[in-house]
Amino acid sequence: MVTFDPLSLLPPEELVRPRSPKQLRAWVLDRCDAIANVPEAKQSALLHLSPFKRFYEEVTPLSLFAVRRYGEQDDVVCVPNKDEGRDFDAEVRAASRGVKVEITLAPDPLWHLRMEYFMEHGFVPFNGPVSVEGSRRKGRRIATEMMLVDSLEEVALHLRRVKEAAEGKAVPGRYGAGYELLIVVEDSWFEVERDSAHVAEFLEREVMTLPLCFDALHLVGWTNRLYQSVTLRR
């Protein structure tokens with residue numbers, strides 16, 4: 001009996017293939033569908049095995065950012081970094097200039113458990129407590145509970161995580177001219193008319209004042225509702 005290898009869904013050469021923003025996003029969505037339809041692949045993703053970890057934490061955010069920033073431009077090429085030891089996660093090459101993109105997450109500390117629940121049940125509450133019974137080895141059960149949270153509290157919570165993620169990249173001497181920072185955050189809470197001004201004000205007051213050695217900061221949400229870019233003063 002031939003055993004299916006879930007790693008075959010994400011060949012290393014495909015993870016780093018140069019693509020236009022539109023091509024990259026289409027490939028990411030195609031791979032997400034493929035992974036969701038293969039139980040072995042879903043389990044590998046939940047265990048954060050490479051290359052699934054890189055696919056979800058670097059390539060998928062890059063695709064979200066690229067289509068929001070560059071849209072239908074076919075003269076822009078997105079190139080995930082082949083060497084994980086280097087100090088950036090991807091390059092975006094355009095006719096006018098190229099930039100090195102450092103990608104970081106602003107996650108819910110329990111996000112990996114919520115994702116595991118989502119992969120099993122097809123939905124997950126974004127708020128409320130999460131509990132775990134049993135273990136991976138013996139079999140475990142994850143339970144979640146829906147909880148209504150005041151919208152202002154939800155916004156403040158996620159923006160604090162954005163600031164913490166930015167603080168983690170305030171590393172003197174590591175980055176500089178030609179680098180841009182991409183922060184990815186859960187954005188199920190985000191409403192454009194209600195929250196855009198508040199997010200922009202928070203970035204101006206709390207994040208742009210940090211000692212960040214990047215030319216620009218981009219904030220993008222997992223559900224593609226939130227997107228803001230700011231030029232940083234260095």
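1. In secondary structure, the protein chain comes to seven helices and eight strands. Please keep in mind that this is a predicted model.

2. A word on the chain as a whole: of its 234 residues, 47% are buried. Among contacts with a separation of 6 or more, 64% join residues 24 or more positions apart.

3. Now to the sheet. Six strands make it up, in the order E1-E2-E3-E6-E7-E8, and it is an open sheet with mixed pairing. Its edges are strand E1 (77–80) and strand E8 (227–231), each of which pairs on one side only. On average, and with direction ignored, neighbouring strands of this sheet are turned by 25° against each other.

4. Which helix packs on this sheet, and which strands does it touch? Helix H4, residues 52–70, is the one to look at: it touches E1, strand E2 (90–93), strand E3 (98–106), E6, E7 and E8. The direction of H4 makes about 120° with that of E3.

5. Within the sheet, I would have a look at the pairing of E6 with E7. Strand E6 covers residues 179–185 and strand E7 covers residues 216–221, and the two run in the parallel sense over six bridges.

6. Next, a helix pair. Helix H6 (residues 151–167) packs with helix H7 (residues 192–207) at an angle of about 35°, and their axes are 11 Å apart. The crossing of H6 and H7 is right-handed.

7. Who makes that contact? From H6 come Ser151, Val155, Leu159, Arg160, Val162, Lys163 and Ala166. H7 brings Arg194, Asp195, His198, Val199, Phe202, Leu203, Glu206 and Val207. Sorted by class, the contact of H6 with H7 has eight nonpolar, two polar and five charged residues.

8. Last, the cysteines. How many disulfides does the structure hold? The count is zero. Two cysteines are worth a glance for their accessibility. Are they buried, exposed or in between? Cys32 has a relative accessibility of 24%, so it counts as partly exposed. Cys213 is also partly exposed, because its relative accessibility is 23%. The cut-off that matters for both is 20%, since buried means under that value.

Notes. Residues are numbered from 1 along each chain as its sequence is written. This is a predicted model: local features need pLDDT of at least 70, side-chain atom pairs count only at pLDDT 80 or more; totals for chains, interfaces and linings use all residues. Side-chain values use heavy atoms; hydrogens and water are left out. Two strands pair if DSSP finds at least two bridges between them. Helices (H or I, at least four residues) and strands (E, at least two) are DSSP runs, numbered from the N terminus. Axes are lines fitted to C-alpha atoms, for helices over the stretch in contact, and angles run from 0 to 180 degrees between N-to-C directions. Contact means heavy atoms within 4.5 Å. A crossing is left-handed if the near helix is turned anticlockwise from the far one by less than a right angle, and right-handed if clockwise. Ala, Val, Leu, Ile, Met, Phe, Trp, Tyr, Cys and Pro count as nonpolar, Asp, Glu, Lys and Arg as charged, and the others, Gly among them, as polar. A disulfide is a pair of cysteine sulfur atoms within 2.5 Å. Buried means under 20% relative accessible area, exposed over 50%, partly exposed in between (1.4 Å probe, protein chains only).
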